[in-house]
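Here's a quick briefing to read alongside the sequence and the fold.

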Amino acid sequence: MYIFLGIIALIVLLLHFSVRACVKVNGEGFTLKVKYLFFTLYQIPEKPDKKPKKPKKPKRIKKKKNKTTSDTPLTVEEIDNLKAQLDEIDEKTDDDAEIIKEIPKTKPKPLTKAEIKELKKKQKEEKKRLKTEKKRIKAEEKANKPSLKDKINNLKRKWLKIKPYVPTTWKAVKKLLKTIRFRNTAIQLGFGKEDPYESAMNYGKMNIAVFDTLALLGNVFTMHYKHVEVRCLFNEKKLEYDVETTVCVRPSTVIAIAFCTLVNYLRIFLSQRHKAKKAYKAKIKEQKLKLKNKETECVENE
């Protein structure tokens with residue numbers, strides 16, 4: 001029991017440590033390194049191999065002894081065998097030529113006018129049949145196609161099924177986004193144009209845009225800034241950028257949020273099922289009352 005509890009405690013402790021993704025974007029390129037504790041899980045670009053592979057040496061082909069080549073002269077027996085094979089091939093070719101000559105060359109008979117008319121009639125009938133078949137298929141498709149009202153009603157039904165789950169999902173998403181932490185965020189941006197007036201105006205606009213976006217990100221995620229700098233470059237049309245940050249997420253918090261949302265979904269599903277059962281029972285009671293009333297009316301009339 002103590003060993004089992006110790007294993008659970010160790011798993012909980014390990015899940016409490018954050019998964020870190022170190023991201024760096026600048027003019028040189030993009031680098032990403034995903035770490036957990038002291039282990040590197042994923043890296044872009046990949047690490048080059050420490051020891052380069054040695055090129056394989058080409059294998060030496062051993063020459064076999066007592067092997068006949070094209071230069072070696074043929075014996076008398078080998079020459080006789082070759083002559084016999086050539087004579088057999090010539091005889092076979094002669095037999096095939098005689099068989100081909102014996103086959104009579106039959107030319108196809110020309111069609112009469114009546115036969116041509118019949119063929120044309122058949123082709124026209126086939127075309128008409130295909131057209132009527134296409135029209136019939138289109139008419140069936142139109143008849144089976146649901147109307148606009150049916151589509152809207154179907155969408156409404158789907159929305160009513162999903163509607164109770166929307167607030168819980170929205171809360172879960174907000175909590176999940178807040179668990180994502182951007183640590184040691186360093187931003188360096190430089191904008192410049194050849195005209196000093198244009199570069200100064202551009203500098204003001206970019207300051208507003210950058211700090212507004214950072215404020216929005218602060219509302220969604222947990223942000224921690226090392227330094228943020230926006231520079232104005234005069235007399236040169238240039239764009240410089242250097243962004244570096246570490247994204248941290250705790251697996252334990254993600255698992256906890258997922259578990260809570262699943263419990264909430266189950267609670268909503270069970271409550272909906274209970275309401276549906278109640279409504280069904282009420283309908284059955286109403287139907288039974290109506291039947292009883294009808295029966296009493298029939299008895300009184302008799």
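**Briefing: contacts, strands and salt bridges**

Thr261 touches Thr168 and Ala172, leaving out residues up to four places away in sequence. Bear in mind that this is a predicted model.

- Thr261 sits in helix α7, which covers residues 251-301.
- With a relative accessible area of 14%, Thr261 is under the 20% cut-off and so counts as buried.
- Thr246 belongs to strand β6 (residues 238-249), and it's buried too, at 16% relative accessible area.
- Setting aside neighbours within four places in sequence, Thr246 is in contact with Arg20, Ala21, Cys22, Arg181, Phe182 and Arg183.

**Strands β4 and β5**
- Strands β4 (residues 181-193) and β5 (residues 222-234) run parallel, joined by 11 bridges.
- To get from β4 to β5 the chain goes through helix α6 (residues 196-220), making a right-handed β-α-β crossover.
- Phe182 has Met223 in β5 as its bridge partner.

**Salt bridges**
- The whole structure has four of them.
- Glu126 pairs with Arg129, with the closest N and O atoms 2.6 Å apart; both lie in helix α3 (residues 113-144), three residues apart, or about one turn.
- Glu133 pairs with Arg136 at 2.4 Å between the closest N and O atoms, and these two are also three residues apart in α3, about one helical turn.
- Glu133 is partly exposed at 31%, as is Arg136 at 40% relative accessibility.
- Arg231 bridges to Glu229, the closest N and O atoms being 3.8 Å apart, and a salt-bridge network links Glu229, Arg231 and Glu240.

Technical notes
Residues are numbered from 1 along each chain as its sequence is written. This is a predicted model: local features need pLDDT of at least 70, side-chain atom pairs count only at pLDDT 80 or more; totals for chains, interfaces and linings use all residues. Side-chain values use heavy atoms; hydrogens and water are left out. Helices (H or I, at least four residues) and strands (E, at least two) are DSSP runs, numbered from the N terminus. Buried means under 20% relative accessible area, exposed over 50%, partly exposed in between (1.4 Å probe, protein chains only). Contact means heavy atoms within 4.5 Å. Two strands pair if DSSP finds at least two bridges between them. A crossover is right-handed if, with the strands pointing away from the viewer, the path from the first strand over the helix to the second runs clockwise. A salt bridge is a side-chain nitrogen of Lys or Arg within 4 Å of a carboxyl oxygen of Asp or Glu.
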